[in-house]
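Let me put the structure up on the screen, and then I'll walk you through a few local details and some helix packing.

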Amino acid sequence: MNRIDCFIPFIDDAQAAATERALSAEVEVASVHRIDASRFRSTDAVREVARKATAPFVLLYGKTTELSLGKFALERFLAVASDTGAAMVYADHFKEVDGVRSFAPVIDCQKGALRDDFDFGSVTLWRTSSLQEAVSRMDTDYAFAGLYDLRLKVSQKGSLVHINEYLYYEIETDTRKSGEKLFDYVDPKNRAVQIEMEQACTAHLKAIGGYLAPVFKPVTFDDGGFDVEASVVIPCKNRVRTIGDALRSALSQETDFPYNVIVVDDNSTDGTVEVIRSFLDDPKLVYIAQDSTYHAIGGNWNAALHHPACGRFAIQLDSDDVYADAHTVRKFVEAFHAQRCAMVVGTYRMTDFDLNTLPPGIIDHREWTPENGRNNALRINGLGAPRGFYVPLLRQINFPVTKYGEDYAVGLRISREYQIGRIYEPVYNCRRWEDNSDAALDIEKVNANNLYKDRLRTWELEARILMNKKS
């Protein structure tokens, strides 16, 4: 009995009272402590938890809304923690929006799950000794990344265990669709937060042997056999409403070198093919019609890369987006030669379907720096757009045959050995509309996407640790 000390974020008595009552009524709870909500995620707050905790376990509740526990939920948390020896356990739960409850499953935390926005749910149970040991190794004071730093340090010596059972109820206040949440981490207003998260993640990578110093293999562009210098690659499926805009944007590029546009259609059935064929009088257009086997976006990219008409550099254009102007392709090729890199990532502007700017506006991925970009790439959930690739190298790597995360997988693999260049001016308009593939995903699909990207990070992290051991 009384094996848990609880810590909750505090705004005022009215906000905290219900959660305090719920926790205090539990026989396993020894104490409930308030921590000012404005500093709940700080290193200072984490140290306060370590200092005040005397029970064998610590419960952290991360929301300021009311918490409701399922019957014997804390006993289940404790049982799993005891049975597994876990340093921290977390669980599936229910979320409530406007009085309506729904299932909110979370996913397993693996070695590469380094995202600072990994969703553990709002209730986490920590072994007090593991928490205090991790806090003893904290040597940086963070205003925002204290809990993230705690999680990383605890994971270095203990396991984080997911209970696949629905054990509590939380009130969800962020009701935005999945597509609206995607870009929080690159919103300029969150820059200070992101800098701290990067610092904490970099320190973690150094501690576990996964950090890579800014030393890169050289890249030369002397491979022959290319009829054109660059190819715009447009994979598409059922984009009758937008493919014409994309093709017009790609075919109107102004360059002082030869380029072409490779459009790969993956068995469209909505009239997309007819739109593509209406552009075939332009000799720059190369049309690839896929067979009926499974390709997804990654497979469509591979078809373009290995086509004999593909140029030395391949530059992305999604089938529902357009370039910012007629000079994007030229700017990419210039960036490759000036920065001597294997991949170039541009800057884009978020717009609606009619190209009106949407918040947060210009996305320049400033978190990618020559000094630490490839380490920080293991923390963030994407590398930016549009992307350009040095084709001879990419033909050796290839894209995974998947429709989500294929670009991230390739970017991670390239960055392990080669520099990734940047263009910091907007060269691309990313149109957000109701038919975006990530506009409004249900929680199962969001979880599947996140699980896959975490798996990519795990594989990449393991490869980097092994590479460091061999060097």
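Let's begin with Asn238, which is partly exposed because its relative accessibility is 30%; buried here means under 20% relative accessible area, exposed means over 50%, and partly exposed is in between, with a 1.4 Å probe and protein chains only. Before I go on, a word on the source: this is a predicted model, so local features need pLDDT of at least 70 and side-chain atom pairs count only at pLDDT 80 or more, while totals for chains, interfaces and linings use all residues. Residues are numbered from 1 along each chain as its sequence is written, and side-chain values use heavy atoms, with hydrogens and water left out.

Back to Asn238. This residue is not a glycine, yet its phi is positive, at about 50°. You'll find Asn238 in the loop between strand S9 (230–236) and helix H8 (243–251).

With a relative accessible area of 31%, Asn267 is partly exposed.

While we're on the backbone, where are the cis peptide bonds? One joins Pro359 and Pro360, with omega about 5°, and Pro360 sits in strand S15 (residues 357–363). Another joins Ala385 and Pro386, with omega about -5°. Pro386 belongs to the loop between H12 and strand S16 (387–390).

Now a cysteine. Is Cys341 buried or exposed? Cys341 counts as buried, because its relative accessibility is 0%. It lies in the loop between helix H11 (328–339) and strand S14 (343–351). Leaving aside residues up to four places away in sequence, Cys341 touches Val219, Phe221, Ala335, Phe336, Gln419, Ile420 and Gly421, where contact means heavy atoms within 4.5 Å. Pro218 is 123 residues from Cys341 along the chain, and their C-alpha atoms are separated by 7.8 Å.

On to the helices. Two packed helices are described by the angle between their axes and the distance between the axes. The axes are lines fitted to C-alpha atoms, for helices over the stretch in contact, and the angles run from 0 to 180 degrees between N-to-C directions.

I'd like to build this part around H5. Helix H5 has twelve residues and reaches 18 Å from its first C-alpha to its last, close to the 16 Å expected at 1.5 Å a residue; that expected span is 1.5 Å times one less than the number of residues. Nine of the twelve residues of H5 are buried, so the helix is largely enclosed by the rest of the structure. What do the buried residues of H5 pack against? They pack against H2, strand S3 (57–61), strand S7 (123–127), H4, strand S8 (160–171) and H7.

Take H7 first. H5 and H7 pack at about 10° with their axes 9 Å apart, which makes H5 roughly parallel to H7. The cut-offs: under 35 degrees is roughly parallel, over 145 roughly antiparallel, 65 to 115 roughly perpendicular, and the rest oblique. Tyr148, Asp149, Leu152, Ser155 and Gln156 of H5 make this contact with Met197, Ala200, Cys201, His204, Ala207 and Ile208 of H7.

H7 itself (residues 191–208) has 18 residues and reaches 26 Å from first to last C-alpha, close to the 26 Å expected at 1.5 Å a residue. Its buried residues include Glu196, Glu198 and His204, and what covers the buried residues includes helix H5 (146–157), helix H12 (373–376) and helix H15 (443–470). Just after H7, Gly209 takes a positive phi of about 85°.

Next comes H4. H4 and H5 pack at about 110°, with axes 9 Å apart, and are therefore roughly perpendicular to each other. In this contact, Ser130, Leu131, Glu133, Ala134 and Val135 in H4 meet Leu150, Lys153, Val154 and Lys157 in H5.

Finally, the axes of helix H2 (residues 43–52) and helix H4 (residues 128–136) come within 9 Å and cross at roughly 130°, which makes H2 oblique to H4. Val46, Arg47, Val49 and Ala50 in H2 meet Leu131, Gln132 and Val135 in H4. Thanks, everyone!

Technical notes:
Helix = DSSP H or I, 4+ residues; strand = E, 2+ residues; numbered from the N terminus.
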